Amino acid sequence: MKPIIIIGSGLAGYGVARELRKLDKLMPLLIVTRDHGDAYYKPALSAALSQDKSPEDLITANVNKAAQDFNATILYQTTVRNIDTALKLVVTDKGSFEYQSLVLALGAEVIRLKLEGDGADDVISVNDLWDYKRFREALLGAERIAILGSGLIGCEFASDLIGKGFKADVIGMTEQPLMPLIPAAAGEVLNKRFSEKGVSWHLERKVTSVMRSTSTSEKALNVILDNGDVINADIVLSAVGLRARTTLAAEAGITVNRGIVVDDYLRTSAENVYALGDCIEINGQTLPYVLPIMHASRVIAKTLAGQPTPVVFPPMPVTIKTQGYPILVLPAPMGVAGEWKLLEDDNGLKMGFVDQENKLLGFVLTEGQITQQAAMVAQLGHSLE
């Protein structure tokens, strides 16, 4: 019997394997991954430093334990060269494998800025456990880190770094941090809180070049901004965002846009090929968060087990890991005209995103207002008047 093949061993790939085994213990299962295959929780990477967690601490199961838990064959450190959807074949550098169904859990890759300067190649990013290990090693002896990007990833890393006593310079093109994910009013408070803890903000600015310092009295790198300001740093961390991995699917003739395009059953344009996680686009949206992955994993597992099931995403607020200023956000829907309204500012902010009919479509809760999550979810789709 041909196996189900899953490409990817992140939260999405291993999530499908875990859910499938709840429904079918014996279905042949092959997981192909280009990394080491150890299971870990990727969102923990931006909060592990201040928790004194080493890369090894983040591993929940090594590849051998994962293979045992999922009753699967795992080909790790294996590159997929191409997919032949007509022959139902996955071609890798370790051989070719036929499938009955294929699941693409390819994840996302970091967006790399085109920077000038002899220090551009020294800019690092953290997108997996091994990136994090190299980042930890680079931090030895460092004091000041320049972070490119004032969005979710950049702010979470800034929070993690200042929690361990590092100084951080955060450069971003928006008026306040975390925009447009949260409104400017909430970003302004985060700005002030982080400034008090050692973050220097360089907002409404972009980086033009990174140069290696020639002075023994300076840090290793000089980050030059578009207004001529120079930031001196030991390390430059790029955290400007992620882009869905679509190349493999596109080369196989599968429809892609901003992500691999899937329908409500998480089916791609190719027969018996499914996709989920950071690599997909569904109903015109990408959903690069944990809760959509969990829901999608259960849906695909049911379909693979013979119970075709559409995915129905409930409201899925996102917890932002910003120490000292906790934030919970249900992002405003893309392409919908509306505005953010301040609802309460006692013991934190409560803000709602409302459309032109004053119906609540999203919200932001900070600090003590986070306890209002259930009440805000219950109000979604209803007028605030």
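1. Helices here are DSSP runs of H or I with at least four residues, and strands are runs of E with at least two, numbered from the N terminus. The model is predicted: local features need pLDDT of at least 70, side-chain atom pairs count only at pLDDT 80 or more, and totals for chains, interfaces and linings use all residues. Residues are numbered from 1 along each chain as its sequence is written, and side-chain values use heavy atoms, leaving out hydrogens and water.

2. H1 spans residues 11-23, and its axis lies 8 Å from that of H7, at an angle of about 45°. H1 and H7 are therefore oblique to each other (angles under 35 degrees count as roughly parallel, over 145 as roughly antiparallel, 65 to 115 as roughly perpendicular and the rest as oblique). Residues in the contact (heavy atoms within 4.5 Å) include Leu11 and Gly15 of H1 and Ile293 and Ala301 of H7.

3. The largest nonpolar core has 54 residues. Such a core is a set of buried Ala, Val, Leu, Ile, Met, Phe, Trp, Tyr and Cys residues joined through side-chain atoms within 4.5 Å. H7 (residues 290-304) gives the most to this core, with six residues.

4. Is Thr92 buried or exposed? Thr92 counts as buried because its relative accessibility is 3% (buried is under 20% relative accessible area, exposed over 50%, partly exposed in between, with a 1.4 Å probe and protein chains only). Thr92 lies in strand E7, residues 89-92. Its side chain reaches the backbone nitrogen of Lys94 at 2.9 Å.

How values were computed
Polar contact = N/O pair within 3.5 Å; in protein donor to acceptor, adjacent residues only side chain to side chain. Axes fitted to C-alpha atoms, helices over the stretch in contact; angles between N-to-C directions.
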